[in-house]
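Subject: Structure handover

Hi,

Here is the structure I promised to pass on. Could you load it and read my notes alongside?

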Amino acid sequence: MGEQGPLQFDPEAMRDIGHRTVDALVEAIAAIESQPVMCRVGAPPMRARLDAPPPAAGRPYEEVLAQVFADVVPFCAHTGAGGYMAFIPGFPTWPSAMGDLIASALMMDSCWWAGGAGGSQLELTVLRWFADWLGYPATASGILVSGGSAANMTALACARERRVGAMRDDLVVYVSSQSHSSMARAARALGFRPEQVRVLPVDRSFRLRVDVLEQAMTADRAAGLVPLAVCANAGATNTGAVDPLPALADVCTAHDLWLHVDGAYGAFAAITERGRSTLAGIERADSITLDPHKWLFQPFECGAILVREAEGLRRAFEITPDYLRDVETHDEVNFSDRGLQLSRFCRALKVWMSLQTFGLDAFREAVDGALDLAQEAAARVAASAELELLAPVGLSVVAFRRRPAGETDERRLDAINLALVAAVEQTGEALVSSTRLFGRTAIRTCILNPTTTAAHVHRVLDIIEQTPLDTLDLGDGTHASVRREPDIVHGWATSPSVAAPDVRWVPLFAAMGAKEAADLLTRAAERRLEPGETLIEQWDAGRDCFVILGGTFAVRDAGRTLATLQAGDLVGELAALDWGAGYGAVRTASVEALTPATVLVLTPEHLNEVLRRSPKALDLVERIARERQAQGR
Ligand SMILES: *Cc1c(COP(=O)(O)O)cnc(C)c1O
């Protein structure tokens, strides 16, 4: 061995370092089940441990390793633990971790064929497996990306490039209220404004309503807009709901829309028989998002996008600058032509190695086991006097809540269930998360890890069902709904003029403090309407919310009157409540003045900003929204 450069070790030292690292890892993994699933710690102690400039001179690797296991590792949630059922769990198989080590140690590049035929072929191979599992034809292929978010963005970019080319103001994309926030982020990054993304309502099973989709599309076409794509869910994050894929495929075919299916959480259920039948129709999508770092047990980061006509990806992304002329090929694939990344890590290696080592049957057994446990959990919830399901079980997600006998106060139920989520975390044995379904707080368990057993599931249900209510910290009874920085939505606002009548008699204003009421008023506009004039047009993309100061309005769906509204009522609040990144629900009904009328116009930005400071008013608005959602309007 010749002389070492400044950043090298001799082979003996490399072996020693490798062994020490593996030993430490095996020990840490063996200890996971005896440690708290989650370790929350604030910023100051972490800064104290780790915030330091780099040393000019190094120190022994053993010391560095020891510090990692003392100051970093203990402060990472154990997403692969048996008790981890929050959000979307993630269990990394050991051969996959070794695959990442190999790919990193050798700097395996999967950007271009000539420089990485091995990794590129592996990627083609695993993508072919995925395509086969989902029933995709031979023309389908795709690319491995960092995760579901990157896959959704890649899919939307591909849809736009294939169907229309450059970004335009008249394009419209349809998502459901259950779509993942990464869809909104992708739309925003690609230049879609909020009025170009229709957030459509769902049915009682949290599935996108095909009838509403068709009506919205027809209305948009009539308004001169161009429907581009439908983004459906194959396992929505909230409830695991699978949208009616065959019906959506029919609609998309009939109207020539791109159908994208977000299967980041759910698509790998297709390796089981049950999953395959639940996901039937997914093979008709134009593109599909998958996340191997979720239900295929790969370490972060590993997402995937499959496109039915793989050629579409290349056409959407290929650019060959002068400095890359040498890499042009004929029938080989340069993965840098299929997505946003040029230099790329070899993500396929871990997927391939883990499947080769365990075999597909072992993966199938793990996914099936999770589906079984979710059914077992749901059966217990359904049989319990104190627990109730808030959504049908979707794949392996169970959304439910505790409802003590006789308790009907929704606000108190919210507080009880949030406190129970915290109580589960406090045991250190498990972690569940909460969400909101039709405005109600739900406890959400997502069962995914092969480490999760029936004992873990029943322990969690025991805690939630049996913790005495008087031991829970219910806080001040207000729930922690999402608080968004005003800056994030800033820039999406229209700016109304000012009006300041005395409005303390209006329930919304009565529910807030004098200062908040004044703040809201100074930024509101006043509008007068004649009888027969329309305040809200069905399918309109506006997001303003209205307070009726005088007059009567009719709420209509395709001519049928659903309700009337009077002075003091609030209307349009569903669109104003923020679904994410400035997007709100579509108007599913029209509102028309029956008499001369006066309304206050509130922009969603200002309304949300004031509601953040007025828990009681927020509660009122959410209660109204909840009741209207429950009535399906
Ligand atoms: C997790 C998830 C995403 C985002 O995936 P990341 O890998 O976290 O970027 C998108 N859609 C759905 C349905 C998901 O569950």
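Below is what turned up, beginning with the ligand site.

First, the ground rules. This is a predicted model, where local features need pLDDT of at least 70, side-chain atom pairs count only at pLDDT 80 or more, and totals for chains, interfaces and linings use all residues. Residues are numbered from 1 along each chain as its sequence is written, and side-chain values use heavy atoms, with hydrogens and water left out.

**Ligand site**
The ligand has 15 residues around it, with Gly 148, Ser 149, Asp 262, Asp 291 and Lys 294 coming nearest (near means a heavy atom within 4 Å). Helix H6 (148–163) gives the largest share of that shell, 3 residues; helices here are DSSP runs (H or I, at least four residues) and strands are too (E, at least two), numbered from the N terminus. Oxygen atoms of the ligand lie 2.6 Å from a polar side-chain atom of Asp 291, 2.9 Å from a side-chain N or O atom of Lys 294 and 3.1 Å from a polar side-chain atom of Thr 237. On its own the ligand has 380 Å² of accessible area, and the protein covers 85% of that (Shrake-Rupley, 1.4 Å probe).

**An arginine to look at**
Arg 347 sits in the loop between helix H12 (311–317) and helix H13 (348–358). A polar atom of the Arg 347 side chain does lie 3.3 Å from the backbone oxygen of Val 145.

**Salt bridges**
There are 43 in the structure. One of them pairs Asp 220 with Arg 198, with the closest N and O atoms 2.7 Å apart. That pair links helix H8 (residues 210–222) to strand S3, 22 residues apart, and both partners are buried. Another joins Arg 401 and Glu 388 at 2.6 Å, N to O, connecting strand S9 (residues 397–402) with strand S8 (residues 387–389). Arg 401 is buried, at a relative accessible area of 1%.

Cheers

Notes: A polar contact is a pair of N or O atoms within 3.5 Å; within protein, one must be able to donate a hydrogen and the other to accept it, and residues adjacent in sequence count only if both atoms are side-chain atoms. A salt bridge is a side-chain nitrogen of Lys or Arg within 4 Å of a carboxyl oxygen of Asp or Glu. Buried means under 20% relative accessible area, exposed over 50%, partly exposed in between (1.4 Å probe, protein chains only).
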